[in-house]
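Trainee: Could we walk through this model together? I'd like to ask about the fold, the strands, the core and the charged pairs.

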Amino acid sequence: MLSEHKPLILLGGSFDPIHLGHERLLSSVREYFDSADAALVPAYQNPLKAHAPSSNEDRLAMVQMVARRCQFDVLTLELDRKGASYTVDTLAQLRQSHGPNRPILWCMGADSIAQFTQWRAWQQIIQLVHLVVVNRPGFTGEISQLVQQQLLLGEQSIKQLSSSPFGALAQVAMTDVDLSSTEIREAVKSGQPLGKLVSDDVAAYIKQHQLYI
């Protein structure tokens with residue numbers, strides 16, 4: 001059961017498949033706080049991408065394996081809702097469930113923040129949660145002036161995000177998160193080893209169920 005008092009850290013995505021970059025990103029952000037809940041939010045259909053190559057059942061099974069091992073929660077709101085998965089709808093539902101005062105952090109990569117103004121009702125999103133932008137070391141994501149102007153609390157350090165429920169943005173640098181699910185699917189097709197891309201349990205699941213071949 002998710003606590004009503006800890007920050008809630010969220011990572012959404014198609015997770016097709018979930019890879020080591022996803023695991024490390026969510027674990028690393030959680031480590032900035034003395035106590036926080038972390039949850040994966042698998043999408044039913046990303047409106048900015050083509051349909052997922054594997055089934056919802058397979059994607060969810062892989063996410064659940066990782067979640068058990070890493071002590072993450074899995075929120076299936078988007079899978080249950082079906083249709084195009086708009087982040088604003090998910091976050092509005094979570095904000096209603098967790099109340100107005102709980103800090104909620106939505107994690108995203110530098111590529112996602114670059115496209116953020118293309119997201120549905122992006123202005124509403126930053127009135128629901130904080131944004132955490134994860135960059136490679138030595139790289140700072142380019143935040144559009146339009147987004148910066150709409151942030152109620154502006155840019156802060158990540159630890160400051162626990163003191164308010166929403167409205168700020170923090171950038172953090174992390175190693176070994178620059179992976180892509182597309183890269184992994186291509187590796188499977190070409191028969192390359194997956195040891196540095198996905199965890200052993202996910203690699204075994206992909207092999208057992210003959211995904212991406």
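What follows is a set of questions and answers on this predicted model.

Mentor: Ground rules come before your questions. The model is predicted, so local features need pLDDT of at least 70 and side-chain atom pairs count only at pLDDT 80 or more, while totals for chains, interfaces and linings use all residues. Residues are numbered from 1 along each chain as its sequence is written, and side-chain values use heavy atoms, with hydrogens and water left out.

Trainee: How many helices and strands does the secondary structure come to?

Mentor: We take these from DSSP runs, numbered from the N terminus: helices are H or I with at least four residues, and strands are E with at least two. On that basis the protein has nine helices and seven strands.

Trainee: What is the radius of gyration, and what does the globule rule make of it?

Mentor: The radius is taken over C-alpha atoms, and the globule rule is 2.2 Å times the number of residues to the power 0.38. For 213 residues that rule gives 17 Å, and the protein comes out close to it, so it is as compact as a globular protein of that length. The C-alpha trace spans about 50 × 35 × 35 Å along its principal axes. The radius of gyration itself is 17 Å.

Trainee: Among contacts between residues at least 6 apart in sequence, what share joins residues at least 24 apart?

Mentor: A contact here means heavy atoms within 4.5 Å. Taking the contacts between residues at least 6 apart, the share joining residues at least 24 apart is 73%.

Trainee: Are the residues of strand β5 buried or exposed?

Mentor: Buried is under 20% relative accessible area, exposed is over 50%, and partly exposed is in between, with a 1.4 Å probe and protein chains only. In a regular strand the side chains alternate between the two faces of the sheet. In β5, His-130, Val-132 and Val-134 sit on one side and Leu-131, Val-133 and Asn-135 on the other, with both sides covered. So of the six residues in β5 (130-135), six count as buried.

Trainee: Which strands are joined to β5 by bridges?

Mentor: Two strands pair if DSSP finds at least two bridges between them. Five bridges join β5 to β4 (residues 104-109), running parallel, and Trp-106 has Leu-131 as its bridge partner. Across from Val-133 stands Gln-171.

Trainee: Which residues touch the most other members of the largest nonpolar core?

Mentor: A nonpolar core is a set of buried Ala, Val, Leu, Ile, Met, Phe, Trp, Tyr and Cys residues joined through side-chain atoms within 4.5 Å. The largest one has 41 residues, and its largest share, seven residues, comes from helix α2 (residues 56-70). Leaving aside neighbours within four places in sequence, Val-29 is in contact with residues including Ile-9, Cys-107 and Met-174. The members touching the most others are Val-29, Leu-40, Met-62 and Val-132.

Trainee: How many disulfides does the structure hold?

Mentor: A disulfide is a pair of cysteine sulfur atoms within 2.5 Å. For Cys-70, the nearest cysteine sulfur is that of Cys-107, 14 Å away. Cys-70 is buried at 13% relative accessible area, and Cys-107 is buried at 3%. The number of disulfides is zero.

Trainee: Which residues are linked in a network of salt bridges?

Mentor: A salt bridge is a side-chain nitrogen of Lys or Arg within 4 Å of a carboxyl oxygen of Asp or Glu, and the count comes to four. Lys-6 meets Asp-37 at 3.8 Å, while Arg-102 meets Asp-37 at 2.6 Å, N to O. Arg-102 lies in the loop between α4 (87-98) and β4 and Asp-37 in strand β2, so that pair ties together parts 65 residues apart in sequence. The network is Lys-6, Asp-37 and Arg-102.
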